[in-house]
Amino acid sequence: MATLDKEALASLDSMRELMDNADCLITQQQVEQALDRMAEQISDDLGDKLPVFYCVMNGGLITTGHLLTRLGFPLEVDYLHATRYRNETRGGELFWRVSPEIPMAGRHVVIVDDILDEGTTLSAILNYCQQAQAASITTAVLVDKRHDRKAVPGLKADYCSLEVADRYVFGFGMDYKGYWRNAPGIFAPKGM
């Protein structure tokens, strides 16, 4: 079995300390209830449209997985990978890693992501979907961050059941420097 070097051990210790001291903003149970509400709304609106759901990687992975199992109608699933964070705590220039494989033209498209923060990434993805001539485009995010710095004034997700204060958050798909996407709930580091 391989052992961790000193740098990795320091990182492991700092990530454990981060979680031990983090504020839990939204519990796992509250997340599950929010996903139930979101699934009900999406089912009512899109259950007869054969939509295609596009997961925004990596953050949208956990939300998408938990959401799709709640939807009792036929749908297709694909993913795309556009990011501004690249394992940092501040967003930079938009970087496209992977474009979707399932064509969007004439399809009812649902973009699923973890959080709507400033919305720069989501705005770019929406523009991409429009250029691809989707029949309709809706967005589903787990969390909307409350602030007035949206890239497009008034930008809101079509389906969103949770809001958080303007703090750096991680868990349930959102990361802290690449770690803790697997945290069972939504957390914020102390002092951030």
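View 1. At a relative accessibility of 23%, Arg70 counts as partly exposed, a class that lies between buried (under 20% relative accessible area) and exposed (over 50%), with a 1.4 Å probe and protein chains only. The model is predicted, so that local features need pLDDT of at least 70 and side-chain atom pairs count only at pLDDT 80 or more, while totals for chains, interfaces and linings use all residues. Residues are numbered from 1 along each chain as its sequence is written, and side-chain values use heavy atoms, with hydrogens and water left out. Arg70 forms a salt bridge with Glu32, with 2.3 Å between the closest N and O atoms; the term requires a side-chain nitrogen of Lys or Arg within 4 Å of a carboxyl oxygen of Asp or Glu. This pair links distant parts of the chain, 38 residues apart, since Arg70 sits in the loop between helix H3 (60-68) and strand E3 (76-83) and Glu32 in helix H2 (residues 28-46); helices (H or I, at least four residues) and strands (E, at least two) are DSSP runs, numbered from the N terminus.

**View 2. The salt bridge between Glu118 and Arg149.** The closest N and O atoms of Glu118 and Arg149 are 3.6 Å apart. Because Glu118 lies in the loop between strand E5 (108-116) and helix H4 (120-131), and Arg149 in the loop between E6 and E7, the pair ties together parts that are 31 residues apart in sequence. Glu118 is partly exposed at 26% relative accessibility, and Arg149 is also partly exposed, at 37%.

**View 3. Further salt bridges.** A search of the whole structure finds twelve salt bridges. The side chains of Lys49 and Asp48 meet in a salt bridge at 3.8 Å, N to O; Lys49 is partly exposed, with a relative accessible area of 34%, whereas Asp48 counts as exposed at 66%. Asp23, Arg167 and Lys190 are linked in a network of salt bridges.

View 4. Three aromatic pairs are found in a search of the whole structure. Tyr168 and Tyr176 form an edge-to-face pair, 5.7 Å centre to centre and with 85° between the planes; rings of Phe, Tyr and Trp (its six-membered ring) pair if their centres lie within 6.5 Å, planes under 30 degrees apart counting as stacked, over 60 as edge-to-face and the rest as tilted.
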